[in-house]
Amino acid sequence: MSGKREWEDRTYKPFVAKTPERPVRFESLSGIPVEPLYTPEDLEGTTYADRLGHPGEYPFTRGVYPTMYRGRLWTMRMFAGFGRPEDTNARFKYLLAQGQTGLSTAFDMPALMGYDADHPRARGEVGKEGVSVSTLADFERLFADIPLGEVTTSMTINCTASVALAMYLAVAEKQGVAWDRVGGTMQNDMLKEFIAQKEWICPPEPAVRIVTDMIEFTARHVPRFNPVSISGYHIREAGSTAVQELAFTLADGLAYVEAALARGLDVDGFAPRLSFFFDIHNDFFEEIAKLRAARRLWARFMKERFGATKPESMRLRTHTQTAGASATAQQPLNNIARVAIQALAAVLGGAQSLHTNSYDETWALPTEDAVTVALRTQQILAEETNVALTIDPLGGSYFLETLTDRMEAAALEYIRKIDGMGGMIRAIDAGYPQKEIADAAYRYQLMDDRREKVVVGVNKYVMPEGRPINYLRIDEAVELEQIEKVGRFKAARDTAKVERRLTQLGDACRNGQNVMPVLIDAVKDYASLGEISDVYRQVFGLYREPIIF
Amino acid sequence: MTERTVRVVVAKPGLDGHDRGAKIVARALRDAGFEVIYTGLHQTPEQIVATAVQEDADAIGLSVLSGAHTYLFTRVLELLAEKGAEDVAVFGGGIIPPEDVTALKAMGVKEIFTPGASTQDIVRFVREHIRAAV
């Protein structure tokens, strides 16, 4: 058989000369050129055992578990949270009743930034972008009747994640569930906050110190809990390319491992509980390649750079979410198709859990109807399409394997650059990932505006807008109710006890003692999320970002 | 007398950290020749209005994706009125449902851009509707 070059000369080029190809850019969303054809020649020099390996074996390119979805389907985990704790509790129960297999909590902006509902800075934001929580009483209502020993809960919360973990463990205790039976995930990835999601209290160094406290504490006392979910999602949604998402996320992961090692922890003692979270965007093959490259890179870093010996330490387990930024407000039902295709990419990429976005989220938080379609999309994939029957069905594809290698190489180049700057914290201080993302986001927008990139229903196939869709409204009364409730609750506490706990916390922050045990006592005595955050603000100071645009 | 360049404050009010849109708009307006002051994140309405007054801005562009738009836009308009700076035009964008867009415009917000708006739309709006105060 002749080679690819010969095919090009003999068959392809003469054909193209007569019948030109479409006048589009043949490149991935990250700008990686895509050739007309991939053949076995592209994989020459690739050793199966070295680059791919069998599922459940190093370097885990084909999947982190030996049976993958044959053993257990991915966790269907829909992100939910709005209004009062009881509103979100009702949505949780609805989702579990619809066959969802894990919970995922969205908190409102005040909770995410360390303010109680009754703080002046919370005005207008209470319960709007997530559920409002200020004290343990709110957490108790949020998880009422949900057995924390059986259902795992993921919480998207970062600079106040330590408070949420303390409250969650306190609720478990009240339910009579031992901490070693509690499973779940805190997002708690502060580095990507400075890079992309932009919710913070104190500067990167103390922020990472608290993350490390949580890694240390859960490794000892809550062994089924993932103390951090190293997240590319927000990096991508802020406008990065897939390559940047991959690179910056892994670089963040390296920084957490280094911080935990500097604390004196044994790598195999905490690494198995590090988890990840990636975006799944429109470029189908690139997204699958990204997840495969991520697994291979992480396995190699853990083994070669950090000397991990347990296979569990080398496994990159990841949550995924379809790309919010790819959804359009125009012709919103088209988003259902986008989400289905992105969800398929997540599954073919070997994700451990998945959130599918709702079609109405460019207008507001999703309605129950829209969430149901999104969840059903996952169930159709899992139970009607047969894509989950064999492991890594696309493995060995000439194109996909080549793309996986390209993503890996491009990400490594970024990671080397960040290593050269002294690691991710230094790179953030220099504004490097922030600037890279802002530039990529601007380029992407201009491509969109100039119609170099098609957005169906927005810059092509445009239609006059139909009837507006139904969307979720948060009653303004929620805010007043929460303010009133928190105020009443605070007035009824033993304030001397609360003061004492907050002083202890301040001491722990200053003297380097792990904050978690003190925090758990503090929330049990009803110190609030805002009061605890005030201690962080006083001891560590406020972060001010370099303004880059 | 030559007309001075239109000066726009682009701001992120409230606690919302989604700054992709605000930064793109700031950059697109700057590239289109306007003078842009980007406030950075987590600004209170008081801080934003103070910046606008201090910088003698002709317009304030607010970006809100957290659902808190009604409170935050209203507060900025109120504060401008209190300072006698009603001539500063307020426009904005974000995840804002159609009903709220109508309500905000009725209150005096000049324009609201929702997902799918292009940078050209926004540049055109500023060029056509914002005048530099003399």
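This briefing covers the fold of chain B and the sheet of chain A. The model is predicted, with an ipTM of 0.92 and a pTM of 0.96. In chain A, nine strands form an open sheet with parallel pairing.

**Chain B: fold and dimensions**
- Chain B holds five helices and five strands.
- Its radius of gyration is 13 Å, close to the 14 Å given by the globule rule for 134 residues, so chain B is as compact as a globular protein of that length.
- The C-alpha trace of chain B spans about 45 × 35 × 25 Å along its principal axes.

**Chain B: packing and confidence**
- Of the 134 residues in chain B, 54% count as buried.
- Taking the contacts in chain B between residues at least 6 apart in sequence, 73% join residues at least 24 apart.
- The average pLDDT of chain B is 95, and 98% of the residues score at least 70.

**Chain A: the sheet**
- The strand order in the open sheet of chain A is 5-4-3-2-1-9-8-7-6.
- Strand 5 (225-226) and strand 6 (228-231) of chain A are the edge strands, each pairing on one side only.
- Within chain A, strand 2 (residues 102-106) pairs with strand 3 (residues 153-156) in the parallel sense over four bridges.
- Opposite Leu103(A) stands Thr153(A), in strand 3 of chain A.

**Chain A: a helix on the sheet**
- Helix 10 (residues 242-262) of chain A lies across strand 6 and strand 7 (274-280) of chain A.
- The angle between helix 10 and strand 6 of chain A is about 145°.

Note on methods
Residues are numbered from 1 along each chain as its sequence is written. Chains are lettered from A and ligands numbered from 1 in the order in which they are written. This is a predicted model: local features need pLDDT of at least 70, side-chain atom pairs count only at pLDDT 80 or more; totals for chains, interfaces and linings use all residues. Helices (H or I, at least four residues) and strands (E, at least two) are DSSP runs, numbered from the N terminus. The radius of gyration is taken over C-alpha atoms; the globule rule is 2.2 Å times the number of residues to the power 0.38. A residue is buried if 20 or more other C-beta atoms lie within 10 Å of its own, exposed if 12 or fewer, and partly exposed in between; C-beta atoms are placed from the backbone. Two residues are in contact if their C-beta atoms, placed from the backbone, lie within 7 Å. pLDDT is the predictor's confidence in each residue, from 0 to 100. Two strands pair if DSSP finds at least two bridges between them. Axes are lines fitted to C-alpha atoms, for helices over the stretch in contact, and angles run from 0 to 180 degrees between N-to-C directions.
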